[in-house]
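Please consult the sequence and the model shown below.

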2 protein chains.
Amino acid sequence: MCRAGQDNFCHAFPTLTYGGIDREDGTTTLGGYSREYVVRDRFAYPLPEGLDPAAAAPLLCAGITVWEPLRALGVGPGSRVAVAGLGGLGHLAVKLAVALGADTSVISRSPGKADDARRLGARAVIVSTDPEQMAAARDRFDVVIDTISAPHDLGPYLRLVALDGTLSHLGHLGPVTVETADLLIGRKKLSSAGSGGRPATAAMLAFCADKRIAADIEILPSARVHEALERLRRNDVRYRFVLDMSDLD
Amino acid sequence: MCRAGQDNFCHAFPTLTYGGIDREDGTTTLGGYSREYVVRDRFAYPLPEGLDPAAAAPLLCAGITVWEPLRALGVGPGSRVAVAGLGGLGHLAVKLAVALGADTSVISRSPGKADDARRLGARAVIVSTDPEQMAAARDRFDVVIDTISAPHDLGPYLRLVALDGTLSHLGHLGPVTVETADLLIGRKKLSSAGSGGRPATAAMLAFCADKRIAADIEILPSARVHEALERLRRNDVRYRFVLDMSDLD
């Protein structure tokens, strides 16, 4: 996997940025909650000119997590892409799919996010609680990027996938159950992805700099981390918090 | 789906050859158990010269069911293909993958089918009950064709799929549960397929005639159908029974 540029899929399990085990000293990694961070140079990326450091920060997890499947699935001009769930992952999936030239739709539980979806570049919004809208979109999308962060039935989303298309299930870990018939009828594929390899991460940063894409963020001083976590729990952020650590100096 | 040449994925559900509902008169279809059969001409295929009618018969279900995913997944020279389960579907999957130029392996519960697998053209046999052999084959195959006809854990087979590769789950209908991590690590895909469309069926028949491929069969007079079903239940056939209906004349 490292030879394929996918250290993130390391057979010995990757070292997670936070909540993981440091390979050198066995301590728990703290990621962005760290005051300082020692990292092997080949896992550091130069920030391309023109990208705001705060708005670029979420690209290095949410951004690359949606970028790799979009690229691996060949999304480009002419592709029909739907993004289910409009949060941290979802809003970046929309921006990146649109910038790659795809005809991009958003699938959302409520019609409330329609304005935001269109502002991000989506051509259409499908309300997932409206059976008529869901039925009308059957077999329509080459790629469905599912960023819904709670366990949910994948059947309704698989039925939106076109012949030989793929549902990439990104928002939730854990077991998923699907009816074989939902894969069989239309030879559809269920996949997932997470984080990314070094070549793809560098390519995504260059693409984002070129297309002026970054995350929509809200910056809070690090001392207000509890407020950020509490609002995150209520899903009250559009679309990523960034902690400004300068108050620790 | 019909415009895409995939009538088998009809939104109104296809008319199954047997155990289905006839669209004209509402009776239950009897398929190969029928003494005579009226079929719309565009759903009939000329038998190419050089194909034995009895050995070609199973191509029109088992053959096309494995052919479509092999073709849709781009299997050809250089592809690494594994076939799990060596029965009616599996032995045709091996023959077709080998004839398409793929480096083909068989995954089987017991080493007893190794000779058969090699005779069919497989380069290697992996014994699925041997954890060392399974671990050594991790991430090795671009395509795994899973023809195992009983419910089973897909995890061990997904772990044999290479980066961006696909497990096509063909042998069993019903719900399947997979760990998202088994899809995420390696961006693997789970798919299925069944039967086939008219253009692909015609192409498969031409390919089989050209490569002299047909099913390995045992012919029984139709009066011995119960014996065939009983032996089928014990998995005692290599690899398909064909009923000779001439005893009904």
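Two strands pair if DSSP finds at least two bridges between them, and strands (E, at least two residues) and helices (H or I, at least four residues) are DSSP runs numbered from the N terminus. The model is predicted: local features need pLDDT of at least 70, side-chain atom pairs count only at pLDDT 80 or more, and totals for chains, interfaces and linings use all residues. Residues are numbered from 1 along each chain as its sequence is written, chains are lettered from A and ligands numbered from 1 in the order in which they are written, and side-chain values use heavy atoms, with hydrogens and water left out.

**The sheet**
- Strand S9 (residues 189-191) of chain A pairs with strand S9 (residues 189-191) of chain B in the antiparallel sense over 3 bridges.
- In this pairing, Leu190(A) stands opposite Leu190(B).
- An open sheet of 12 strands with mixed pairing runs in the order S5(A)-S4(A)-S3(A)-S6(A)-S7(A)-S9(A)-S9(B)-S7(B)-S6(B)-S3(B)-S4(B)-S5(B).
- Its edge strands are S5 (124-127) of chain A and S5 (124-127) of chain B, each of which pairs on one side only.

**Helix H2 of chain A**
- Because 9 of the 11 residues of H2 (residues 62-72) of chain A are buried, this helix is largely enclosed by the rest of the structure; buried means under 20% relative accessible area, exposed over 50%, and partly exposed in between (1.4 Å probe, protein chains only).
- Among the buried residues of H2(A) are Ile64(A), Val66(A), Trp67(A) and Leu70(A).
- Gly74(A), which follows H2(A), has a positive phi near 75 degrees.
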